[in-house]
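Trainee: I have just opened this structure and would like a guided tour. Please take me through it one question at a time.

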Amino acid sequence: MIVGAGVVMAASYEAKAFGIRGGMGGTQARRLCPDAIAVPPRFEAYVEASRGLFDVFERTAPRVEGLSLEEAFLDVSGLERFAGTPVEIARRLRREVREQVGIPISVGIANSKVVAKMASGAAKPDGLLLIESGREREFLHPLRVERIWGVGAATARRLRAHGIGTVGDIAALPEEALVAILGRAGGKHLHAIANGRSSRGVRAGRTRRTYGAQRAVGLRRFRKDELDSTLAALVDRVTRRMRRSGRVGRTVVLRLRFGDYTRASCSRTLPRPTAETRAILVAGRRLLRASAVTIERRGLTLLGITVANVEPDGGGAQLALPLYPSEEALDAALDEVRDRFGPDSVTRASVLGRNRGPSPAVLADERNDR
DNA sequence: TCTGGGGTCCTAGGACCC
DNA sequence: TCTGGGGTCCTAGGACCC
């Protein structure tokens with residue numbers, strides 16, 4: 001089974017056995033496995049399952065660091081006396097999730113997040129793997145470097161160019177050599193991992209640092225008259241999510257992908273943080289205008305807007321005057337209508353002719369922004 | 001590999017400050 | 001007119017993850 005139409009968003013283990021991977025084009029996936037059943041994503045169902053999952057996580061450990069809808073780090077240190085050993089806790093966790101949420105999960109147990117993450121990957125599907133303290137290197141050293149969480153194609157290529165193929169090869173190198181190849185942060189991090197001394201702790205209660213939305217049209221490319229209404233629709237979604245979670249932001253980033261699928265971004269930082277639709281839209285339009293010539297020349301296949309430099313509303317900017325006072329009530333009224341009657345109950349006239357029914361992305365907005 | 005949508009973190013240069 | 005040492009913020013791009 002494959003989830004997603006144009007692009008594979010997820011695939012069952014049976015489908016993966018045919019070589020299908022996330023992010024792969026639908027055409028290629030069908031070629032690899034013609035008998036696969038493709039289904040559209042159901043974001044609401046994933047959000048609901050995620051809530052159930054995190055309920056169990058929160059009951060299991062005092063410190064939980066969410067990584068995605070379905071992954072988290074749990075710090076179970078110090079729980080031994082009343083909750084049992086890490087393995088006992090993990091067995092109970094797997095059972096409770098299966099019973100209460102109805103899905104199988106894999107668990108990796110280790111002294112550090114990176115090793116735990118890699119262990120859980122090795123335990124899939126539906127498994128449990130403990131990497132005992134002091135035996136990290138036994139587990140890690142035979143692995144190829146690209147198996148390290150955080151090492152992708154580019155880093156693997158660079159390492160390979162220096163004759164480094166396995167984690168053991170990394171461990172044989174002095175830190176300075178690694179820093180020379182990968183830069184300061186990356187080099188030090190990988191050196192620590194390979195020597196079993198990675199120490200990044202579980203960071204509970206992390207809050208989101210950016211809010212973004214984007215829309216791709218593929219080879220078709222955006223028509224000129226679509227650009228502004230698409231931008232407005234994206235800004236509507238982003239600012240509504242920000243207001244709902246009580247956050248404001250200062251930096252507006254416009255994301256572009258041209259006809260040849262290369263990407264660019266440009267940004268402006270506002271004098272004050274905001275979640276007002278109007279203020280973000282004005283900034284976005286300015287950035288879009290500045291890129292108009294390039295877009296005209298190269299064609300556009302993706303438009304996105306992200307608000308960064310996010311902070312809690314009122315955190316340091318108390319009593320700041322709204323940038324567009326008359327629009328504040330409009331934002332509030334539209335938020336209320338959408339809360340009561342659904343995210344697509346009100347929309348811009350400029351968007352009306354094009355969007356039939358709620359898009360998957362709009363439905364995804366209904367998830368809880370952590 | 002003919003390409004969705006949502007994020008995170010790091011780097012590097014320039015502006016500006018003391 | 002040339003030059004130290006240290007810091008912050010902004011912008012653009014890249015790598016990586018689910």
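**A tour in questions and answers**

Trainee: How many charged residues does the surface near DNA strand B have?

Mentor: By class, the surface near DNA strand B has 8 nonpolar, 6 polar and 11 charged residues. Near means that a heavy atom of the residue lies within 4 Å of the molecule or strand. Ala, Val, Leu, Ile, Met, Phe, Trp, Tyr, Cys and Pro count as nonpolar, Asp, Glu, Lys and Arg as charged, and the others, including Gly, as polar. The number of charged residues is 11.

Trainee: What kind of model is this?

Mentor: Residues are numbered from 1 along each chain as its sequence is written, chains are lettered from A and ligands numbered from 1 in the order in which they are written, and side-chain values use heavy atoms, with hydrogens and water left out. Local features need pLDDT of at least 70 and side-chain atom pairs count only at pLDDT 80 or more, while totals for chains, interfaces and linings use all residues, since this is a predicted model.

Trainee: Which residues are the closest to DNA strand B?

Mentor: Around DNA strand B there are 25 residues. The closest residues are Gln28, Arg206, Arg208, Gln214 and Arg241.

Trainee: Which element gives the most to the surface near DNA strand B?

Mentor: Let's begin with some contacts. A phosphate oxygen of DNA strand B is 2.6 Å from a polar side-chain atom of Thr210, and a phosphate oxygen is 3.0 Å from a side-chain N or O atom of Arg257. Two or more residues each come from helix 2 (26-32), helix 11 (184-194), strand 8 and helix 12; helices (H or I, at least four residues) and strands (E, at least two) are DSSP runs numbered from the N terminus. With 6 residues, the element that gives the most is strand 8.

Trainee: And DNA strand C: what percentage of its atoms within 4 Å of the protein belong to sugar or phosphate?

Mentor: A phosphate oxygen of DNA strand C is 2.9 Å from a polar backbone atom of Gly150, and a phosphate oxygen is 3.3 Å from a polar backbone atom of Ala153. The side chain of Trp149 has an N or O atom 3.2 Å from a sugar or linking oxygen of DNA strand C. Of the atoms of DNA strand C within 4 Å of the protein, the share in sugar or phosphate is 100%.

Trainee: Which element supplies the largest share of the surface near DNA strand C?

Mentor: There are 19 residues around DNA strand C, and Lys117, Thr155, Arg250, Ser267 and Thr269 come nearest. By class, this surface has 7 nonpolar, 7 polar and 5 charged residues. Helix 8 (153-161) and strand 10 (263-274) each supply at least two residues. The largest share, 6 residues, comes from strand 10.

Trainee: Where does the residue joined to Lys124 by a cis peptide bond lie?

Mentor: Most peptide bonds are trans. The cis bond here joins Lys124 and Pro125, with omega about -5°. Pro125 lies in the loop between helix 6 (113-123) and strand 7 (128-130).

Trainee: Why does Arg221 count as partly exposed?

Mentor: Arg221 lies in the loop between strand 8 (211-216) and helix 12 (226-244), and has a positive phi of about 75° although it is not a glycine. Buried means under 20% relative accessible area, exposed over 50%, and partly exposed in between (1.4 Å probe, protein chains only). Arg221 counts as partly exposed because its relative accessibility is 36%.

Trainee: Is Arg240 buried or exposed?

Mentor: Arg240 is found in helix 12. Its side chain makes a polar contact with the side chain of Asp339 at 2.9 Å; such a contact is a pair of N or O atoms within 3.5 Å, and within protein one must be able to donate a hydrogen and the other to accept it, while residues adjacent in sequence count only if both atoms are side-chain atoms. At 7% relative accessibility, Arg240 counts as buried.

Trainee: What is the orientation of helix 12 and helix 13 to each other?

Mentor: The axes of helix 12 and helix 13 (residues 277-290) come within 9 Å and cross at roughly 140°. Axes are lines fitted to C-alpha atoms, for helices over the stretch in contact, and angles run from 0 to 180 degrees between N-to-C directions. Angles under 35 degrees count as roughly parallel, over 145 as roughly antiparallel, 65 to 115 as roughly perpendicular and the rest as oblique. The orientation of helix 12 and helix 13 is therefore oblique.
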